[in-house]
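Q: I would like to go through a model with you. Could you take my questions one at a time?
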Amino acid sequence: MDWQGQKLVEQLMQILLVSFAVVAFITGYVLGSFQIMLLVYAGGVVFTALVTIPNWPVYNRHPLSWLDPSEAEKHPKPQITNPSTKKKAAKK
């Protein structure tokens, strides 16, 4: 799953959960049943999980192009300097 796919899944999950919460509340209120409300919301959670958890192809439309290992060797990582040694040298 690419970055845009993760963003899409996050937005879709939030929209679906809030929508099912509203529908469940209205259904439970109209029918006067707390149990029906919970069942409708639980069904919405299961549906949302089925839509968002699997790595569907729609979530991988912008794949990342990784650097070849041979190309990565040409560009070494920068060395990390220890900031504590610079402070000690500056104090002396």
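Q: What pattern does the protein chain follow along the sequence?
A: In this predicted model, the protein chain reads α-α-α-α along the sequence. It has four helices and zero strands, where helices (H or I, at least four residues) and strands (E, at least two) are DSSP runs, numbered from the N terminus.

Q: Where is confidence lowest and where is it highest?
A: Helix α4 (residues 83-91) is lowest, at a mean pLDDT of 59, and helix α2 (residues 34-52) is highest, at 96. The protein chain averages 85, and 87% of the residues score at least 70. pLDDT is the predictor's confidence in each residue, from 0 to 100. Where pLDDT is low, the predicted coordinates should not be read in detail.

Q: What ground rules apply to the values?
A: Residues are numbered from 1 along each chain as its sequence is written, and side-chain values use heavy atoms, with hydrogens and water left out. As the model is predicted, local features need pLDDT of at least 70 and side-chain atom pairs count only at pLDDT 80 or more, while totals for chains, interfaces and linings use all residues.

Q: Which residues does the "transmembrane region" annotation cover?
A: The unreviewed UniProt entry gives residues 12-31 and 38-59; positions are in the numbering used here, feature names are shortened, and annotations may be inferred rather than shown by experiment. Residues 12-31 are 100% helix, with end C-alpha atoms 28 Å apart. For residues 38-59, the helix share is 68% and the end C-alpha atoms lie 30 Å apart.

Q: Switching to side chains, how many aromatic pairs are there?
A: The structure holds two aromatic pairs, meaning rings of Phe, Tyr and Trp (its six-membered ring) with centres within 6.5 Å; planes under 30 degrees apart count as stacked, over 60 as edge-to-face and the rest as tilted. Phe-20 and Phe-47 are edge-to-face, at 6.0 Å centre to centre and 65° between the planes.

Q: Why does that pair tie parts of the chain together?
A: Because Phe-20 lies in helix α1 (residues 3-31) and Phe-47 in helix α2, the pair joins parts 27 residues apart in sequence. Phe-20 is partly exposed at 23% relative accessible area, and Phe-47 is partly exposed at 41%. Buried means under 20%, exposed over 50%, partly exposed in between (1.4 Å probe, protein chains only).

Q: And how far apart are the ring centres of Phe-25 and Tyr-29?
A: Their centres are 6.2 Å apart and their planes at 20°, so the pair is stacked. Both residues lie in helix α1, four residues apart, about one turn of the helix. Phe-25 is exposed at 51%, as is Tyr-29 at 66%.
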